[in-house]
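Please open the structure in your viewer and prepare to select residues by number.

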Amino acid sequence: MKYLLFIGDGMADNPVPELGGLTPLEYANIPTIDALSAKGVLGSVSNCPAGLPAGSDTAITSIFGCDPRKYYTGRAPLEAAATGIKLNPGDIAYRCNMVTYEDGDQPFAEKRILSHSAGSIEGDVSDAVLAALFADADFAAAAAAAGMVVHPGHSFRHIAVQSGHSTKGLKLIPPHDHLGEAIGPILPSGNETAAALLNLMRLAHEKLDHLPLNEERRTAGKLPANGIWFWAEGTAVELPCFVDQFGHRGGVVSAVPLCHGIAALTGLEPITVEGATGEIDTNLENKVAAVLRVLETYDFAALHVEAPDECTHNGDLKGKLQSIEWLDSRCMAPLTEAFAARGWDYRILLLSDHKTLTSTRGHDGDPVPFLLYDSTKDTGLGLAYNEKNGLKGPYYPDGANTCMKLLFDLPL
């Protein structure tokens, strides 16, 4: 038996007026997924425990069987683990996004944040902007005084590590949950560390706003990377061994450092493929090929696709629909065809980690629908895969104690 975990990040949603009151999952054409659903089990699961952030960090940690109420210290340490960044005792890791603030001469706190990803900035350009920022003597001195170094992430996502500071009382807010809003109410606050981070964010905007690279982006009709945003703070973390918990080895195919970090910390193999961007232009064919290679060696593979989430954050409903349909036509269809051609029996768990709402462009921690399919069984369910039908099946309030057990057919 082969086992596939398939996460369509942020594909679950609430009804969208522009779609006639349907959700993107209801509206999209996903015939292969719906055919599996008609023979499988549909239900809903909560992956984001109450009191913790509704995001991929808590949700995907849960899905992999690691209770975030026990293990979660923040998103950034998980991403740091993906690139081998070692956190020493007392170090704080942050996600450092390249972001876009609106143009204008208004005070910094009155500016609106237009993009949490500087318009899905290209990885090499993002790294170059970061390098230019640290080449500025004023910013480099301020960063050193704050005990801060930033590791380039080859996307809009960089990882910052700070020493000599405390997270006690610190309040940092994800930028993707407040797009289009003035940043004053969501700037770092709560302690002296916040003041140091805010100083770096103000200074970075001053130095980057008219950087030649950003002027070139404006001329080309692209959003400038004219700011940085610290969030997702946390300290070093350890996660339980996946093999010890579930008795299976495997690999995790994703473009997102978070997933690779969870893989590395749980003893799974993190797998990056050429052309995997975390955006709608990601190379899905290479990701499918990587999943098949994993399953030729192991009996478990996880495939994570970020595009539905990023499209929603970008206010791109058409892109969200397209990315969901490509999950079906470019991922699920060729995978199930390849499984059949190889004569494999298999089980698939397909789900969204959390909802990402078209209405707000932000995350939501409500339950999400899951599809569990076993190639050796036909439940005769006859239902398509979507949020409404998920509510007709079993509901599990604790994804950390449910998802992997469902996939591996273990007692709940």
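Select Y3, F64, F242, F246, F300 and F408: ring pairs link these residues into a cluster in this predicted model. A search of the whole structure finds 14 aromatic pairs.

Next, keep F246 and F408 in view. Their ring centres are 6.1 Å apart and their planes stand at 35 degrees, so this pair is tilted. F246 belongs to helix α10 (residues 242-246), whereas F408 lies in the segment after α16 (403-407), so the pair ties together parts that are 162 residues apart in sequence.

Now select F339 and W344. The centres of their rings are 5.7 Å apart, with the planes at 40 degrees, so this pair is tilted. Both F339 and W344 are buried. Then select R330 and W326, where the charged end of R330 sits over the ring of W326, 4.6 Å from its centre.

The largest pocket holds about 800 Å³ of space. To find its centre, select H154, S155, F156, R157 and T277, the closest to it of the 43 lining residues. By class, this lining has 16 nonpolar, 18 polar and nine charged residues.

Finally, select P53, D57, Y72, P174 and A232, which lie nearest the centre of the second largest pocket. This pocket holds about 270 Å³ of space. Strand β7 gives the most to its lining, with three residues.

Note on methods
Residues are numbered from 1 along each chain as its sequence is written. This is a predicted model: local features need pLDDT of at least 70, side-chain atom pairs count only at pLDDT 80 or more; totals for chains, interfaces and linings use all residues. Side-chain values use heavy atoms; hydrogens and water are left out. On a 1 Å grid over the protein atoms alone, a cavity is a set of points where a 1.4 Å probe fits but cannot get out, and a pocket is an open set with protein on both sides within 12 Å along at least five of seven lines; lining residues have an atom within 4 Å of a point. Grid points are joined across faces, edges and corners, and a volume is the space filled by probe spheres set on the points. Ala, Val, Leu, Ile, Met, Phe, Trp, Tyr, Cys and Pro count as nonpolar, Asp, Glu, Lys and Arg as charged, and the others, Gly among them, as polar. Helices (H or I, at least four residues) and strands (E, at least two) are DSSP runs, numbered from the N terminus. Rings of Phe, Tyr and Trp (its six-membered ring) pair if their centres lie within 6.5 Å; planes under 30 degrees apart count as stacked, over 60 as edge-to-face and the rest as tilted. Buried means under 20% relative accessible area, exposed over 50%, partly exposed in between (1.4 Å probe, protein chains only). A charge sits over a ring if NZ of Lys or CZ of Arg is within 6 Å of the ring centre and within 35 degrees of the ring normal.
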